[in-house]
Amino acid sequence: SPPAIIAPSILSADFAKLGKECSDTVNNGCDWLHVDIMDGHFVPNMTFGAPVVTKIRPHVERPAAAYGKGTFDCHMMIAEPKRWVKDFQKAGCDLYCFHYEAALTSTAADSPAGTSSETTSPKELIRFIHAQGMLAGIAIKPKTPVDMLWDILDNPEKQELPDMVLVMTVEPGFGGQSFMAEQMPKVTALRERYPDLHIEVDGGLSEKTIDQAADAGANVIVAGSAVFGAKDPAEVISRLREAVET
Ligand code: DX5
Ligand code: ZN
């Protein structure tokens, strides 16, 4: 399977000094930064949008190559994911990960807010994200069966293939929730079918739960409270990496 990628979620960072929190975390040895975007509509919480991403981008060096260190992994917990693709590309997002559950209600990308409601298939949305030069991810909530993704992942059209699948291991919306081990069969099934796919897990990951995720085959590990709540975040990052690599 692909290499271990540790992606601390800045949802648990101090938002009053977000730029420094981001650069410190990269200096602490992480690979990506996981940027949680919430609209108060798809999930019952709000964070921030593209203007904030624009302001934090210069604090972290842009990755030298796709999937490289400093990748901004934007987890879009928003309705109408197609509408914000171009804004996030301009802001410095490298990987735009939308929710499967939200994709079907996308509006046209260039329409002013709320004026049009064109539906987009996940495949079309992935093609659109790739056309803007970003990697594309597709996320599923705990209640969404993984089988919904087979048709999307078996597509011979390369431009429409996701670069990553995110299996949520908590209900999206808040940091600090408990890891849902019952989601692991989804990861196992994905890894069996797609040995080279980037599989991300998000929610409740820590040194206590990492082995379950790693054994199932996850290689991209999001951790918010476990990293930002730690006395020694660098140590936690290296322990998470070790657990995935061994
Ligand atoms: C939850 C977010 C997560 C969150 C994880 O909706 O998608 O990225 O920050 O936080 P922890 O690691 O604390 O569960
Ligand atoms: Zn997330």
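Helices (H or I, at least four residues) and strands (E, at least two) are DSSP runs, numbered from the N terminus. With that in hand, here are the close-ups.

**View 1. The model as a whole and how to read it.** This is a predicted model, in which local features need pLDDT of at least 70, side-chain atom pairs count only at pLDDT 80 or more, and totals for chains, interfaces and linings use all residues. Residues are numbered from 1 along each chain as its sequence is written, chains are lettered from A and ligands numbered from 1 in the order in which they are written, and side-chain values use heavy atoms, with hydrogens and water left out. The chain averages a pLDDT (the predictor's confidence in each residue, from 0 to 100) of 95, and 94% of the residues score at least 70. The scores for the model are ipTM 0.99 and pTM 0.95. A word of caution: where pLDDT is low, the predicted coordinates should not be read in detail.

View 2. Start with Y67, which sits in the loop between α2 (50–56) and β3. Its phi is positive, about 75°, although Y67 is not a glycine. Y67 is partly exposed, with a relative accessible area of 29%; here buried means under 20% relative accessible area, exposed over 50%, and partly exposed in between (1.4 Å probe, protein chains only). Further along, E80 lies in the loop between β3 and α3. E80 is not a glycine either, and has a positive phi of about 55°. For comparison, most residues other than glycine have a negative phi.

**View 3. M77 in strand β3 and H99 in strand β4.** Strand β3 (residues 71–77) holds M77, while H99 belongs to strand β4. M77 is buried at 2% relative accessibility, and H99 is buried at 0%. Contact means heavy atoms within 4.5 Å, and residues up to four places away in sequence are not counted for M77, which touches D36, I37, M38, D39, F42, V43, H99, P172 and G173. For H99 and A79, 20 residues apart along the chain, the C-alpha separation is 8.5 Å.

**View 4. G137 within strand β5.** Strand β5 (residues 135–140) contains G137. G137 is buried, with a relative accessible area of 0%. Beyond residues up to four places away in sequence, G137 touches L95, Y96, C97, F98 and M164. I199 is 62 residues from G137 in sequence, and their C-alpha atoms are 9.5 Å apart.

**View 5. Helix α5 and its packing.** In helix α5 (residues 122–131), the buried residues are P122, L125, I126, F128, I129 and H130. Their packing partners are α3 (85–91), β4 (95–99), α4 (100–103), β5 and α6 (150–153). Just after α5 comes G133, with a positive phi of about 85°.

**View 6. Two nonpolar cores.** A nonpolar core is a set of buried Ala, Val, Leu, Ile, Met, Phe, Trp, Tyr and Cys residues joined through side-chain atoms within 4.5 Å. The largest one has 67 residues, and those with the most contacts inside it are I10, F88, Y96, L149 and L190. Helix α10 (residues 233–245) gives the largest share of this core, five residues. Follow L190 to its contacts, among them V146, W150, V165 and I199, not counting residues up to four places away in sequence. A second, separate core has 13 residues, including L95, L135, M164 and V170.

**View 7. T169 in its loop.** The loop between β6 (164–168) and α7 (184–193) carries T169. At 0% relative accessibility, T169 is buried. Leaving aside neighbours within four places in sequence, T169 is in contact with S178, F179, M180, Q183, M184, V201, D202, G203 and L205.
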